Amino acid sequence: MQSWGMDLDNFTYASLLWGCASLADVKLGNQAYTHIVKAGFESDGFVGNALLDMYAKCGNLETARNILDIMHQQDEVSWTSMIAGCVQQRHCELALELFCEMQQLGVKPNHFTFASLLRACASLATLEKGNMVHARIMKTEYMEHVFVGSALVDMYAKCGNIEDALKGFTRTPNRDVVSWNSIITGFAQHGCAQEVFQLFEQMLQSNMRPNDITFVGVLSACSHAGLVDEGFHYFHSMSHDHCIAPRMEHYACIVDLLGRAGRLDEAKDFINKMPFSTDVVVWQILLGACRTHCNTDIGEWVARRILELEPQDPSTYVLLANSYAASGRWDDVAKMRKLMKDRQVKKEPGCSWIEFKSKVHSFVVGDNSHPRTEEIYAKLEELNKQMKEAGYVPDTNFVLQDLEPNQKEHSLYHHSEKLAISFGLISMPPEKPIRVVKNLRVCGDCHTAIKLISKIAGREIVVRDTNRFHHFKDGSCSCGDYW
């Protein structure tokens with residue numbers, strides 16, 4: 001257009017910026033910004049919102065905030081773009097802080113604002129903040145908006161409250177495929193396979209066509225429940241009954257399904273027969289299953305495939321080292337750790353967190369940084385004595401260091417999820433469920449211990465790890481010890 005001597009207006013520049021945002025091309029966006037300044041449109045509200053949105057979606061939140069601060073007219077579009085960008089870049093706490101600032105300035109949020117806030121709460125698993133956002137929405141006309149309703153269902157499900165997720169779904173009028181996917185995926189994350197199957201049938205009966213995301217939820221539910229035959233039935237029905245070509249995510253679900261069931265050779269063969277090149281995620285799923293079922297032979301073979309694709313992936317080294325440790329191959333564990341050190345591969349530390357009075361309390365293994373550390377460890381010591389009286393024997397197979405037996409037992413007592421639960425027990429009222437989030441898979445020993453703690457303390461404990469939700473109550477877990 002410029003080569004033809006045509007003048008560009010604010011709508012043209014805004015469209016150009018939205019294109020840069022869609023491509024996440026900040027370099028092209030910077031070039032567009034230079035032309036905008038030269039053309040004198042930097043103070044135009046329409047262009048300013050598009051510019052802010054582009055930088056936020058490209059991950060340059062500092063520049064986006066600077067643009068917001070210098071804008072002459074900050075409206076709900078400006079603030080929502082900034083909040084949505086923070087959520088997209090996983091700066092969810094900042095997104096919630098920006099909303100408070102937005103409210104203080106008297107800017108009225110819209111349905112996109114609320115949906116972004118609910119996604120922030122879902123990502124952080126902060127149920128209390130999610131409840132507050134929900135209460136704020138109820139005072140607006142957006143409560144019945146399908147976009148907000150779907151985000152509300154997703155928030156409650158990811159915060160461990162599947163009951164309120166279902167309530168939110170049933171109250172959402174004019175449900176679309178996103179609404180159905182939110183509730184199906186939510187129940188799948190909680191391991192409720194039969195509920196997922198019922199919802200899927202209701203979806204079909206309501207003449208709503210499922211899409212590829214629907215089947216990721218259904219297949220995940222089959223995987224968490226160990227329903228191999230049902231999983232293959234739904235996998236084949238995608239193309240046969242619904243004209244949906246399975247994507248990598250669906251093949252990954254089948255690998256997970258077979259891996260959890262211990263059918264590792266079948267999983268390996270299934271991968272080799274996939275119609276496209278296998279990505280790292282699929283191999284990692286199989287490697288995780290090898291660790292669970294203590295199969296180091298296939299595990300080593302899979303690890304080599306992963307490291308060919310991503311030599312800096314820390315989880316591969318950790319999973320293989322854990323497999324060696326479980327088999328007592330300490331020399332191989334030492335080799336893997338040395339290899340990580342030589343290649344400068346950093347392991348992600350295990351961390352658990354719990355929300356109390358709208359504040360998130362985080363813990364790592366053996367943590368002594370909390371203001372109530374003495375009380376937390378005293379409660380944990382009390383629980384350990386009660387668990388041993390109830391027959392608990394620490395499973396030292398989950399200690400990944402070559403230590404003396406008593407040292408192994410001691411190291412298990414101070415895992416991050418146990419510290420978070422101990423804090424919850426001394427802080428929260430008895431009638432309130434204790435909800436903990438962990439950034440890694442819950443180990444088998446902690447799973448056994450938490451079951452006993454739920455019975456001893458008479459408390460409902462909900463733990464979300466990287467795989468699923470575990471609902472502990474009266475000495476048992478919703479997963480049926482299959483996860």
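A: Asn 207 is placed in the loop between helix H12 (193-205) and helix H13 (212-225); helices (H or I, at least four residues) and strands (E, at least two) are DSSP runs, numbered from the N terminus. The model is predicted, so local features need pLDDT of at least 70 and side-chain atom pairs count only at pLDDT 80 or more, while totals for chains, interfaces and linings use all residues. Residues are numbered from 1 along each chain as its sequence is written, and side-chain values use heavy atoms, with hydrogens and water left out.

The backbone at Asn 207 has a positive phi of about 65°, although the residue is not a glycine. Most residues other than glycine have a negative phi. Asn 207 counts as exposed because its relative accessibility is 71%; buried means under 20% relative accessible area, exposed over 50%, and partly exposed in between (1.4 Å probe, protein chains only).

Arg 90 can be set beside it. Arg 90 lies in the loop between helix H5 (76-88) and helix H6 (92-104). Its phi is near 65°, again a positive value in a residue other than glycine. With 71% relative accessibility, Arg 90 is counted as exposed.

Lys 385 belongs to helix H21 (residues 373-389) and is exposed, since its relative accessible area is 52%. Glu 128 lies in helix H8 (residues 127-137) and is buried, because its relative accessible area is 18%. Not counting residues up to four places away in sequence, Glu 128 touches Glu 355, Phe 356, Lys 357, Ser 358 and Lys 432; contact means heavy atoms within 4.5 Å. Glu 128 and Arg 441 are 313 residues apart along the chain, and their C-alpha atoms are separated by 24 Å.

The sheet comes next. Six strands form an open sheet with mixed pairing, in the order E2-E1-E3-E4-E5-E6. Strand E2 (359-364) and strand E6 (476-477) are the edge strands, each pairing on one side only; two strands pair if DSSP finds at least two bridges between them. Strands of a sheet pair through backbone hydrogen bonds, either parallel or antiparallel. Strand E3 (residues 434-438) and strand E4 (residues 461-464) pair in the parallel sense, over four bridges. Arg 435 stands opposite Val 462 in E4.

As for the whole, the chain holds 24 helices and six strands. Its C-alpha trace spans about 80 × 55 × 55 Å along the principal axes. The radius of gyration is 25 Å, which agrees with the value near 23 Å that a compact globule of 483 residues would have; this radius is taken over C-alpha atoms, and the globule rule is 2.2 Å times the number of residues to the power 0.38. Of the 483 residues, 49% count as buried. Among contacts between residues at least 6 apart in sequence, 63% join residues at least 24 apart. The accessible surface comes to about 23200 Å², of which 51% belongs to carbon and sulfur atoms; accessible areas come from the Shrake-Rupley method with a 1.4 Å probe, and for residues only the protein chains shown count as cover.
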